There are 2 protein chains.
Amino acid sequence: VEKLREYIRQPSISTENRGVKECAELTRQYLQAAGCRQTEIVPTEGHPGVWGWLDSGASRTLVVYWMYDVQPVNAEEWQSPPFEARIVEDKRFGANGRILRGRGATNQKGPERAFLNAVESVRAAAGKLPVNLMFVCEGEEELGSPHLHEIVNRYSAVLSKAHGVLMPANSQGMNGSNTVSLGNKGIVYMELEANGAASGGPVSAEIHGSNKAIADSPSWRLVQALAGMTDPSGNRILVEGVTAKVRRPTPAERDVYETFLQHYDENGVKRQLGLERFVGNADKREVLRRTWFEPTLNIDGMWAGYTGPGVKTILPHKANVKIDFRLVPDQSAAEVAALVRAHLDKHGFADIKINFWNGYDWSQTDPSSPIVQMVVRTGARQGVQTRVALRNAGSAPMYLFTRNLKLPVVAWGLGHGSGAHSKDEYMLIEGAAPMKGLADAEKGFADLLYAFAAE
Amino acid sequence: VEKLREYIRQPSISTENRGVKECAELTRQYLQAAGCRQTEIVPTEGHPGVWGWLDSGASRTLVVYWMYDVQPVNAEEWQSPPFEARIVEDKRFGANGRILRGRGATNQKGPERAFLNAVESVRAAAGKLPVNLMFVCEGEEELGSPHLHEIVNRYSAVLSKAHGVLMPANSQGMNGSNTVSLGNKGIVYMELEANGAASGGPVSAEIHGSNKAIADSPSWRLVQALAGMTDPSGNRILVEGVTAKVRRPTPAERDVYETFLQHYDENGVKRQLGLERFVGNADKREVLRRTWFEPTLNIDGMWAGYTGPGVKTILPHKANVKIDFRLVPDQSAAEVAALVRAHLDKHGFADIKINFWNGYDWSQTDPSSPIVQMVVRTGARQGVQTRVALRNAGSAPMYLFTRNLKLPVVAWGLGHGSGAHSKDEYMLIEGAAPMKGLADAEKGFADLLYAFAAE
């Protein structure tokens, strides 16, 4: 537990460049202490990566994908300081339920450090690991992994000799259900800006609101440009061409879907996300279909003019919005980005500026890949039924492994956490069933190492 | 000059309740010092008003409408602290050009204090004023004057015996052109909120952006609701019924319009507002028509989710926008407010909450009222051609005088300033022609008092 707390206490907000270098070095030290003979800080055009190679002389090699950066925080919204890593009693998880609250607790430092704890335990108990490990760590996942390809490319010769990739995760939901995820949606993240210089309206500063009779409003430009990108419900994407390459699920994918659906914990999902209903009053069948097989377009933030209390009448000179698309096979991030520009131009919004922040493609491991069933059996041995999820709605740049290196990738772990990208992020440390606490999560990873070795 | 600076140095931001009480008392002291035997702090349901009565035993009485509150500030955007009231050289106004920069310099403390300087000068030189004065001062103009009616009603018996109302103003534009304004647009200011509890979506906190597949987005709700309120240009109001009561200009109003248009300083207006072009590429004829005869719908501010630098992928649980309508005869503020609710309900946005902040009706002084030509002649005597403007696009609650008390109201003064509701607000203190500096502005007010007495 103290190792997890130490890791969380080292802030590593990539967006704000806060503590990133220090956390890279801490990660490298962790890998060294866990038995990697070769460790390196890997310079990139952005934040540095970390590489670690633990060669046990085994025949099988597992790659561990690792992110050491975390999301920004609104500290005042948290019940305890996000980088204090406080241990808190939580009766939701039974009489002696305890959680570790902190930024990165579940996304992703908690399960990552749990994995390393398992490695250290196996080495302490057995002398050496049954597998070789290669750690590929980046500090820019929350930025959309703009330079992970530099790290992967640098070690691609050795990486291509590996047999699979694991992203350690807290894969138990609110009812204890455990999933192994076979892929991620792709992402395109961009900021749109309407400003007076381009779209008419005040060029360099806000003006009195009564001047709407005289001046165009960049805020209205942005609202109208955005509005044309979805239907009135905000749930169907109308950007021309964006859904054209969405392919139909294969029969194997349909099987995974129907099986997963049988145990889909509708109320658990709602509770975890704080929802009273699903999108557009959909049922779970529709929600899972959207999650796995449909792209989405989300507004992450928008702002213009006066946002304080009470009345201030101004006509702001600029307006901004951050949006993200989540992509499914066979969409292409680069194509979607281009289609947004084309859509805006076609509909008379050539003046809207796009800052393309980042993006990458979806990833997909074949459901019939042996590593998938191996994980399911490992879960079963630990007393947890593990279900196969085709895709995580969240994005991670696993396409570098699945498509570029042809390696199967699984995101998995026992253990439970929530609050990623939100306030009061936590990982369960101890509690009554059905969710596993930290010790059992570590045991699951140890078991996985032996299972992977035995394949 | 020092009197102006002293008045500006006393902050009086009504929105933030900053210095308001202190400024009310300072205003009362000013009125007392200027010769009012009766002065009162007038309690209201909101910020207090101030009343002053200077009875000279004259036959004619002029009411002075006075606001002592100012707009909020983004201090870091200013070239000098907004409440320092710094005197700054400004070569735009000639070799020895000097301005007074500060919040309230032109809206409205500068010209108000200039008027009082004139009153004190006349009394010092002539022993007494040629007119009686009644000062009606409020500290909530920037909030939409929600309680001015309480102040006016309290003194309506004496006010109704007056002969006209003056709002002291810096009425010279960038080319020195001087206007007397005969009315104001009305206003309806409201905040719209979409939140997850009402519109579906996360109820109490933001969630990870990938959950757009599962959850409705209040941000999209707000964007779509807003978009339906205007055409794609953002310049034509589509809220049903809002424009129904807009009446056609009378022949007398058309005359004022055509005359004013002949001298409309197109480039001066653009320069003053920082515009490269007019709304929708309109010409000056169209712009003046919109300013005087058309209602507008403006976005004052909007906000949702993450507004910091770089990437953060969240689905915010609420989204807000502040909007204002500006109203013309014969629209009604109360009706427009109700029409917005009806429009949202009709188009499926009953979940959007409206916080109705404030509003009041338009005002209009008859162009043929004698006080209008009196002001024009006063300007001429001071060497400044004064043009009659039917309406100021900005809002002020003059309807309490024009419609309730049947008094003609003029907003006028020599002198020049800009930056109201924006950064670096200023009033010209001294400079080469064509704009008058402070001394000449005071002289203009003194002349006006005698002209008003002689009618």
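Let's begin with E294(A), which is partly exposed because its relative accessibility is 27%. In this predicted model, E294(A) pairs with R289(A) in a salt bridge, and their closest N and O atoms are 2.7 Å apart. R289(A) is partly exposed too, with a relative accessible area of 30%.

Now step back: over all chains, the whole structure holds 60 salt bridges. One of them joins the side chains of E193(A) and K353(A), at 3.8 Å from N to O. E193(A) sits in strand β9 of chain A and K353(A) in strand β14 of chain A, so this pair ties together parts that are 160 residues apart in sequence. E193(A) counts as buried because its relative accessibility is 11%, while K353(A), at 41%, is partly exposed.

Another salt bridge brings together R403(A) and D361(A), at 3.4 Å from N to O. Here helix α13 of chain A supplies R403(A), and the loop between β14 and β15 of chain A supplies D361(A); the two are 42 residues apart.

What about the nonpolar side chains? In soluble globular proteins, they tend to be buried together. The largest nonpolar core here has 76 residues, and those touching the most other members are I214(A), F115(B), L133(B), F135(B) and W292(B). Helix α14 of chain B gives this core its largest share, eight residues. Look at L133(B): among the residues it touches are W53(B), L62(B), F115(B) and L449(B).

Finally, find helix α1 of chain A, where L4(A), R5(A), Y7(A) and I8(A) are buried. They lie on the same side of α1(A), because they cover an arc of only 165° around the axis.

Conventions: Residues numbered from 1 in each chain as written. Chains lettered and ligands numbered in written order. Predicted model: local features only at pLDDT ≥ 70, side-chain atom pairs only at ≥ 80, totals over all residues. Heavy atoms only, no water. Core = buried A, V, L, I, M, F, W, Y, C linked by side-chain atoms within 4.5 Å. Buried < 20%, exposed > 50% of the residue type's maximum accessible area, 1.4 Å probe, protein only. Helix = DSSP H or I, 4+ residues; strand = E, 2+ residues; numbered from the N terminus. Contact = heavy atoms within 4.5 Å. Arc of directions from axis to C-beta. Salt bridge = Lys/Arg side-chain N within 4 Å of Asp/Glu carboxyl O. Lists of a residue's contacts leave out its neighbours within four places in sequence.
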